[in-house]
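Have the structure open as you read.

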Amino acid sequence: MAQTYPQTAGKHSASLKRRWGGAVPYLFIFPWIFGFLVFTLGPLLFSLIISFFDWPIVGKVQFIGFGNYVEMFTDDPLFWKSFGVTIKFAALFVPLNIAVGLGLAILLNQKTRGSAIFRTAFYLPSVISGVALAMIWSWVYSGDYGILNYFLSLVGVQGPDWLNETQWSLVAMVVASLWGQGAMMLVFLAGLKGIPKDLYESASIDGAGMIRQFISVTIPLLTPTILFNLITSIIAAFQQLTLALLLTGGGPMKSTYFYAMYMYENAFKFFKMGYSAANAWFMFLIVLTLTFFVFKSSEAWVFYEGEMKRLPEKKSKSSGKGRSV
């Protein structure tokens, strides 16, 4: 027995290592799991629950079922107004955001002196806080002393009061939102760096010019990156709040009254937390639906390197009759 005891202890120790060794990786990711459950999933589920209640910040909580959703769709004109403004903003912002980000990435991908300085300069606006950015653009857009109208006056153009005229306020918001291009620009730049140079050399040997190379080589191989930036742009468009809240407050005449501002005011101005939660879940479903359709459409236009897509075979007229020799 004395001789077998060390062997038994060794087996017991190995058994403990096998039993608890698998838990070690989970201990390392536990802080993230805890944060996700407490600060993300928990509030998400709680917002879904209170969307079925009349839930004022101060007062009696009352279960009303789908009452918030019914009121939102049938008895709240501000809901449709804010939703329409957000759709218009997204229709302008998303394509311009992708085009500007891709254009800057292509410029920075060129081998020129001082390219690192330009990368830093173009990325810098994206790290500026939303409040500071709003202060800068309020000065740029000012109808009395704004720098934009000053430059227009140099060429004989009388600039409008950008933030106080309904026909220009939404355009001004789109341009201001395009300022923080740093993250998208870097993603596009990383995608451009990943395209093999051999493909450009082969296309050049075949006689393809710069434009043809861009259309036939750059764009197809960059479609996965475009897909990612397209989805993030859609999400950003529906979450736009800070600039509108600080620059226009939703005006003039609700022309920049975004859906996120409508949701924010219901929660923290009118203290209707349940109603605001219902607004948030509607926005979540809209973004989820748009993302789903983008993913489904990506099967037709997104190309992954090393993947070959089969073209549909054309049916022969003599199908079933045999081939004629």
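Which residues have the most contacts inside the largest nonpolar core?

## The core

They are Met72, Phe89, Val94, Phe188 and Tyr259, in a core of 62 residues. Helix 4 (residues 77–108) gives the largest share of this core, 12 residues. A core here is a set of buried Ala, Val, Leu, Ile, Met, Phe, Trp, Tyr and Cys joined through side-chain atoms within 4.5 Å; buried means under 20% relative accessible area, exposed over 50%, partly exposed in between (1.4 Å probe, protein chains only). Helices (H or I, at least four residues) are DSSP runs, numbered from the N terminus.

This is a predicted model: local features need pLDDT of at least 70, side-chain atom pairs count only at pLDDT 80 or more, and totals for chains, interfaces and linings use all residues. Residues are numbered from 1 along each chain as its sequence is written, and side-chain values use heavy atoms, with hydrogens and water left out.

## Aromatic pairs

There are 31 aromatic pairs, counting Phe, Tyr and Trp (six-membered) rings with centres within 6.5 Å; planes under 30 degrees apart are stacked, over 60 edge-to-face, the rest tilted. Phe73 and Phe79 sit with ring centres 5.4 Å apart and planes at 85°, so they're edge-to-face. Phe79 is buried at 0%, while Phe73 is partly exposed at 33%.

Phe89 and Phe258 are edge-to-face too, at 4.8 Å and 65°. That pair links distant parts of the chain, 169 residues apart: Phe89 is in helix 4, Phe258 in the loop between helix 12 (242–247) and helix 13 (259–268). Both are buried.

Terms used. Helix = DSSP H or I, 4+ residues; strand = E, 2+ residues; numbered from the N terminus.
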